[in-house]
Structure formats: structure tokens, C-alpha cells
There are 2 protein chains.
Amino acid sequence: MSLTPRIAIDAMGGDVGVRVMCAGAAMARHKHDGLRFLLVGDEVRIKAALENHPNLRAATDIIHTDGVVTGEDKPSQALRKAKSTSMGLAIDAVKRGDAGGAVSAGNTGALMAMAKVALRTMPGIDRPALAALLPTLGNNDVVMLDLGANTDCDANNLTQFAVMGAAYARTAMGLERPRVALLNIGTEELKGTDEIRDAAAMLRAAKGLPMDFTGFIEGDKLSRGDVDVIVHDGFSGNIALKTIEGTARFVTDLLRRAFTSSTRSKIGFLISRPATELLRHHLDPNNHNGAVFLGLNGVVLKSHGSADAKGVANCVHLCAELIEKDITRQVTQDLANFRNGDAA
Amino acid sequence: MSLTPRIAIDAMGGDVGVRVMCAGAAMARHKHDGLRFLLVGDEVRIKAALENHPNLRAATDIIHTDGVVTGEDKPSQALRKAKSTSMGLAIDAVKRGDAGGAVSAGNTGALMAMAKVALRTMPGIDRPALAALLPTLGNNDVVMLDLGANTDCDANNLTQFAVMGAAYARTAMGLERPRVALLNIGTEELKGTDEIRDAAAMLRAAKGLPMDFTGFIEGDKLSRGDVDVIVHDGFSGNIALKTIEGTARFVTDLLRRAFTSSTRSKIGFLISRPATELLRHHLDPNNHNGAVFLGLNGVVLKSHGSADAKGVANCVHLCAELIEKDITRQVTQDLANFRNGDAA
């Protein structure tokens, strides 16, 4: 693995496709000129998109394929055609060592399945977890995992998610001892499901981990910045993450309505536009784009299907950072220490 | 049961206690002068609080007790002392027919347990569900249930919640055919847990119900107003509801920061204050206070522990409305029709 990483990009995934993926990669390379790329997909369309980005073209090789994974493909269908699709070949480049990591904006379930089969999970891990960063009122973002499709998780899964999420926060956010909490419906020890209570007991009992387990956290505290890592199964995580998105949109829609409700408030809005732009910037999901699969022997990131070029650039940047900081080795090591109980 | 209902109020529950409960009841009675009350709790403190509210005092009887349920009491502890507590005696008044319904701002788990034991569940119902109204961008609020502590629900429970939630929307919101959806992590039929998929199949197969089952809804659509009733287990519901609360606060906190970030934006804020007041009004949880237990043989409402007098008044109003519209009969009948499969 090179220290100026090469990143494989599934150029055909996402709602908007090859032009946005190329524009995002070009934007990322403007900020980090050591980056090199493998663009995977329809060569003709990729070359056409590269014409606007000579800086990117000079650092890019293309792997041609006609095959794509669609949003409707089930993971099993996607697996059968893996080697002929842009998503499958991007992951394959990571497996072969031709790329340090892969980025795709395609079907999340297919990406998880293909990455799991091609790269395999780390020792002792049944299920990779999908981790994303959320903005908070504090100084740091918060890591939320799992956001994948692991709807039923046992206490072992949740505990592993906690260890992997902490490793991610240490690597990507430079925190020495991330504060880790389990999402629950109350903060008392008796609250919640057996799985969550058992996971809490295991995390409380674990000694010497490079993290501080702070217990349970409720849904109204997710964005407070009181903790660095929030652990949950994929079902609760999906509900929480999408509810955050929906509510942020709900409040900003109400705000827009309120500001256009009278001439007076329109004038107030115009004067305070820098303030509302600041709010918009803070809430723009493109500024937090890029979810990473943890527990795999390789770096694979999911870019949001509707991300714009800036969002793709952020995801590519995060991918480069995780490669450079060797997240895979870090997570592997923390899991081994946790398993062996000699984390100290 | 009288048509000008008498409402039993646990005067000792909630974070702020007897003065707020009395002020709320008095406010409710100013708008609806047929209302009568049974205030349950410490007679000395209740009488002192009533001194400011002669209009309420004239329509109130007091049941004295020293006993209270605390926020720390487990449901089993609360049950053992039920008959000596303000919460237990308020519910008991409903059971005896001395009151048409009860309102408490105390410990939710204890309230659920006591109400279940005293009033019993309707035929075929294992678990009462706690239903609350949430604001949306549409013309109507949306009913969300279960928000109680039913963490593990099977397909039968979820299906009953759907029927009861629809009966509630018909009764409280006057909708002929409420649109009902199940909260899930995707809208495709294959998404989610077995319990959710099975419940969806049962609701699709049920014919002649006075509601339209619209399938699955995701967390980002809760506040859109596209449906009237959203069904979930108590765990997901708690996560969703608290995440809505937390995110709304997060966005308004960001907004406050943005508006105070410069003199210019402060001026803009002052000019557009009517707009931001409108937003604040819409998001104020006191305007949507009052969660109802469905599936019990009697009307019991939970007022938010931190509700102010306006919030308590809204909860009391809702209680009166549900008594007047005979919600208990409506829910019983819809459940019987659903069970017998002859809902047409």
C-alpha cells in the first residue's frame, strides 16, 4: 500500500453518476495532489467526463466495464455479477492491492455484500458495520454505527461495533480516548433490550481499552457532542439517522415558511442571510459525506447516492485519510486486544 | 359516564407538581366551562394552589393522599402502593366511574402498569400502546404509537397498534379513513424485521377496515404529513420521538448561534422576530402535549413531565375530547371488527 494512496472509484454508482464522481475526485485532487485514481466503469463516458478535469486525468487509470449494480439489485443478484460490474471491480482493485481503498455511491446492500465476500471480515467479526459522521453542537462530529442493514444484532456484535467505532474515532478524529455510548430508550441500567444490557455489561467489564464507555444515550442527545461514538444495531441506527435528516429538513422548511410569511420577515431574512447560510452549511449532508465499512480487511467507503461533487470530494478525502492512517491495521489490532482481554 | 366529563388529575406528578397541574386545569376550564375535576394528592398543597383559581375550585373535588409515585419507582414497586398514591387513586376514580378519564404527569412505566391492572386491557390486547401527536408540514398532526415501553413487539401487537391508532385518528382528528404506515428502514416489501414484514402482510390482507394501509415509512418522512398514523414498537418509537426532539433543539440552537454571530444578523433577527416566534410556537412541545394509552377499558393520559400550564391544559382538553367522543367504545369496536374479519 502506497503512502500517496490510489483510490478506486465506482464511477457508475449514485443517482447522478459519472460526471459527479469525476468532478468530486478532481476537487479532492486539487486539495491533495498526491492522490491517484482508478476510475471503474464505462470508458467512453469516463473519458468524456475527464475532459473537463485535466488535472485528474493525469493521475487516473481507467478500468472499463459495461456492467453496473442497480439500486434495485438484491445483494445476492449483485454478487453473481460482481466481476463484471464497476462496483465489483473497484472492490477487486483493493483486494489485489492496486488501490488502497474504494469509493462507491451505489446500492449499499450490494456494496456491503461484495466487500464482505471479496475482502473478508476481520478475525472474529461476523458482520461489518457501516459508520458515519454526524455534526454536533460540540467541537467534534460524532461517529454513529451500525448504519448498515444489520437489523438484528446480539451483544457480541454491539460490543465489536463499539471497539471498531472507537478505533475509527481515534484514527479519523485523532482522539486518544473516545467516549463511547450505546443508544437506548433510557439511561438506567435496566432499560432496553437484553442485547443492549448485555453489551453494556461487557463494555463495563472490559479493562484497558483505549476508550471510555459512558453507558446509554437517548435519541434526544445524539447531536449534543457529549460523546464521540454512538453504537446501535442497523435498524435503530437507520431510524435515528433518517429521523435526524427528516427533522432537520422539517425545521428548515418551517423556517423558510416563517421567513416568507410577511414582507417584514422577508427583509429580516435578507439582512440575516449570512446567518442562515451558516446554518445551511452546517446542516448540508455533503459536508459529512462518506460512510466507512468497519471490520473488513480493506478500506471501502459509501458515498451518499445524492451527494454533489463537493460531497464526493469529502468522501474521497476521508478515504485517503483512512488509507494514510492505516485504519485497517488499527481496527484489527484493537479487536485483537479486546478479544485477548489484554488491551492494556 | 357524563357528557360534561369529570377528569381525575394526579396533582402530584411531573417535574413541577401541583401548582402547574392546577394552573393547567384552570386554563382548560376557562375554555370549556363544563369541565369538572377530581384533584388527587396532598389536600393542603392542592387547596393552596386552588386559591389562585376560584373558577377551578368551584368545579373541583379533592381526594387526599400523602402517597406519591416517584420517578425512580419501578412499575412493580408502584403497583404495591397503588391504592395509597395520587396516581393510583386517580386511575381508581376512572375505574369506579367517578371520573371519565385521568391525567398524570408522573412516571410513565408506573402509570402504564397501574392503568393496566386497574382498568384491564381490551379483549385480545396484551399490551396497551402509548400514542402521541406530532406536528407535521401537512394540515394535520400525525399519531405515533407505541411510545410506551413495549420494546419487543410481535406482528400481532403491531397490527393491533395500527387498528387502535386509526381509531384514535378517526376519533380525535375526525378523519374518515386515516392513512396508516409502519415505521421501517426502507419502503420495499423485503425490508426490516420479520415482525414488521408479517404485520404489513396482515394489514394488507385485512379487508374493510376504516383506514388505508400505505405500507412502510422511513424516519426521514415522519414529519411530512403524508400519513396520519405511524406504527412502531416502543423501542424504535422512543428512538424516533426523542431524535425528533433532539434534532429540533439542535437546529434551533444552531439558528440562535447563527443569529447572534454578528451585529448584522442580530438586527435581521430582531426584524424577523415574528417569523422565529412562529417557528418556536410550532415546535413547542406544550402545543402537542398529551399521550394516550390505547387498548385499556378507560381513558388515561400522560402529560409530559416538564410540560408547563399551557401544556397541561392541552392534555386536559385532549382528555375531555376523548371522553366526549367515547374513544374507548370506538377502539373496542374497531378491534372487535378486525378480530372478527367483518370490518366491512
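This is a predicted model: local features need pLDDT of at least 70, side-chain atom pairs count only at pLDDT 80 or more; totals for chains, interfaces and linings use all residues.
Figure 1. Residues are numbered from 1 along each chain as its sequence is written, while chains are lettered from A and ligands numbered from 1 in the order in which they are written. Domain 1 comprises 1–121 + 295–324 and domain 2 comprises 126–291 in the domain assignment of chain A, the bounds coming from an automatic or database domain assignment. The C-alpha centres of these two domains of chain A lie 26 Å apart, and 21 residues of domain 1 are in contact with 15 residues of domain 2, contact meaning heavy atoms within 4.5 Å.

Figure 2. One salt bridge is counted between domain 1 and domain 2 of chain A, a salt bridge being a side-chain nitrogen of Lys or Arg within 4 Å of a carboxyl oxygen of Asp or Glu. The side chains of Asp284(A) and Lys310(A) meet in a salt bridge at 3.3 Å, N to O. On the side of domain 1 of chain A that touches domain 2, two or more residues come from each of helix H6 (108–119), strand E11 (299–302) and helix H12 (309–324) of chain A, helices (H or I, at least four residues) and strands (E, at least two) being DSSP runs numbered from the N terminus. H12(A) provides the largest share of that side, eight residues.

**Figure 3. The interface of chain A and chain B.** The contact draws 53 residues from chain A and 53 residues from chain B, and the two chains bury about 4700 Å² between them, 75% of it on carbon and sulfur atoms. In chain A, the residues that lose the most area to chain B are Leu137(A), Ile185(A) and Phe250(A), which together account for 15% of what that side buries. Two salt bridges are found across this interface, and Glu218(B) and Lys242(A) meet through their side chains in a salt bridge of 2.1 Å, N to O. Helix H9 (234–259), helix H10 (263–271) and helix H11 (273–283) of chain A each supply at least two residues of the side that touches chain B, and H9(A) gives the most, with 22 residues.

**Figure 4. Relation between the two copies.** Chain A is superposed on chain B by a rotation of 180° with 0.0 Å of shift along its axis, at an RMSD of 0.0 Å; the superposition is by least squares on the C-alpha atoms of residues with pLDDT of at least 70 in both copies. The two copies are therefore related as by a two-fold rotation axis. In chain A, the C-alpha of Gly268(A) is the one nearest the axis, 2.1 Å from it. The same surface serves both copies, since 100% of the contact residues of chain A recur in chain B.

Figure 5. Lys47(A) forms a salt bridge with Glu43(A), their closest N and O atoms being 3.4 Å apart. Because Lys47(A) and Glu43(A) are four residues apart in helix H2 (residues 43–50) of chain A, about one helical turn separates them.

Conventions: Side-chain values use heavy atoms; hydrogens and water are left out. Buried area is the accessible area (1.4 Å probe) that two parts lose on being put together, summed over both.
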